[in-house]
Amino acid sequence: IFVSLYGVASIEEIKERVFYAINPSYKWLEIASNKIVSATEVIPALGSGLKNVLSCNNKEKEKIRNAITNYADKVLFFDDLERIDKTKIDIQSILGYINSLTEHNHYKIIVVANDEVLGDDYKQFKEKTIRFSYHHFPKLSDIFDSICEKYEENNQYKIFLNKQKQFILDIISAGRCNNIRTLIFITDVYKKIFERINGDYSNEINQDLL
């Protein structure tokens with residue numbers, strides 16, 4: 001179960017993200033109830049009773065989540081630890097919560113993070129929480145083909161990227177950039193340019209613009 005911690009500001013928010021990652025069909029229910037609750041504020045005729053029924057507090061939400069979800073056969077995959085909202089929650093609290101999941105609930109958890117930017121707080125509490133560490137240095141050349149598969153609906157662009165593969169990787173290497181997101185960003189942006197260029201010399205123009 002993949003859960004991004006990007007912008008997380010509380011433990012409650014992590015719980016909700018995990019719940020909806022496992023039970024995506026329940027997300028529409030929360031959205032619908034929130035809209036109805038908002039409507040009661042501008043249409044009093046809907047009644048305050050409906051608002052009370054739909055507005056669950058955190059303890060009630062916790063009971064509902066526990067009743068519906070079984071995490072025992074799941075592996076929780078937390079990404080973007082370094083991108084939490086540090087103005088509202090700290091690394092120690094996040095790791096403490098993760099530790100409680102592993103020790104008390106016996107969940108299997110993988111945490112992915114750029115530990116170079118996490119600072120001393122992370123290093124201090126990491127040893128108490130993280131059992132095994134694996135340093136992964138992705139080779140963009142190994143995953144370039146997988147990224148190209150994203151563009152299956154535009155076969156011409158996919159062919160173009162495959163022909164320009166080494167050129168793109170050489171430029172990224174020269175810039176000492178080894179970030180997968182950057183590569184995806186480049187290919188996504190250039191797709192918009194590629195789709196607007198037509199004519200007899202479109203291939204040469206695309207090569208020059210790239």
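**Entry 1: N206**

I began with N206, which sits in helix 11 (residues 202-209); helices here are DSSP runs of H or I with at least four residues, strands are runs of E with at least two, and both are numbered from the N terminus. I noted that this is a predicted model, where local features need pLDDT of at least 70, side-chain atom pairs count only at pLDDT 80 or more, and totals for chains, interfaces and linings use all residues. Residues are numbered from 1 along each chain as its sequence is written, and side-chain values use heavy atoms, with hydrogens and water left out.

Is N206 buried or exposed? I found N206 buried, at a relative accessible area of 1% (buried is under 20%, exposed over 50%, partly exposed in between, with a 1.4 Å probe and protein chains only). Its side chain makes a polar contact with the side chain of Y190, at 2.8 Å. For a polar contact I take a pair of N or O atoms within 3.5 Å; within protein, one must be able to donate a hydrogen and the other to accept it, and residues adjacent in sequence count only if both atoms are side-chain atoms. Setting aside neighbours within four places in sequence, I listed F160, Y190, F194 and I197 as the contacts of N206, contact meaning heavy atoms within 4.5 Å.

**Entry 2: helix 10 against helix 11**

Next I looked at how helix 10 (residues 180-194) packs with helix 11: the angle is about 145° and the axes are 11 Å apart. Axes are lines fitted to C-alpha atoms, for helices over the stretch in contact, and angles run from 0 to 180 degrees between N-to-C directions. Which residues make the contact? From helix 10 I wrote down Y190, I193 and F194, and from helix 11 I205, N206 and L209.

I then turned to an open sheet of three strands, in the order 1-2-3 with parallel pairing; two strands pair if DSSP finds at least two bridges between them. Strand 1 (2-4) and strand 3 (108-111) are the edges, each pairing on one side only. Neighbouring strands are turned by 20° against each other on average, direction ignored.

Strand 1 is joined to strand 2 (residues 75-79) by three bridges, and I picked out S4, whose bridge partner in strand 2 is D79. Helix 1 (residues 11-22) packs on the sheet and touches strand 1 and strand 2, its direction making about 145° with that of strand 1. On the other pairing, four bridges join strand 2 to strand 3; there L76 has I109 of strand 3 as its bridge partner.

I placed D80 in the loop between strand 2 and helix 5 (91-103), and D80 is buried, with a relative accessible area of 5%.

R176 is not a glycine either, and has a positive phi of about 55°. R176 lies in the loop between helix 9 (165-174) and helix 10. Is R176 buried or exposed? I logged R176 as exposed, with a relative accessible area of 81%.
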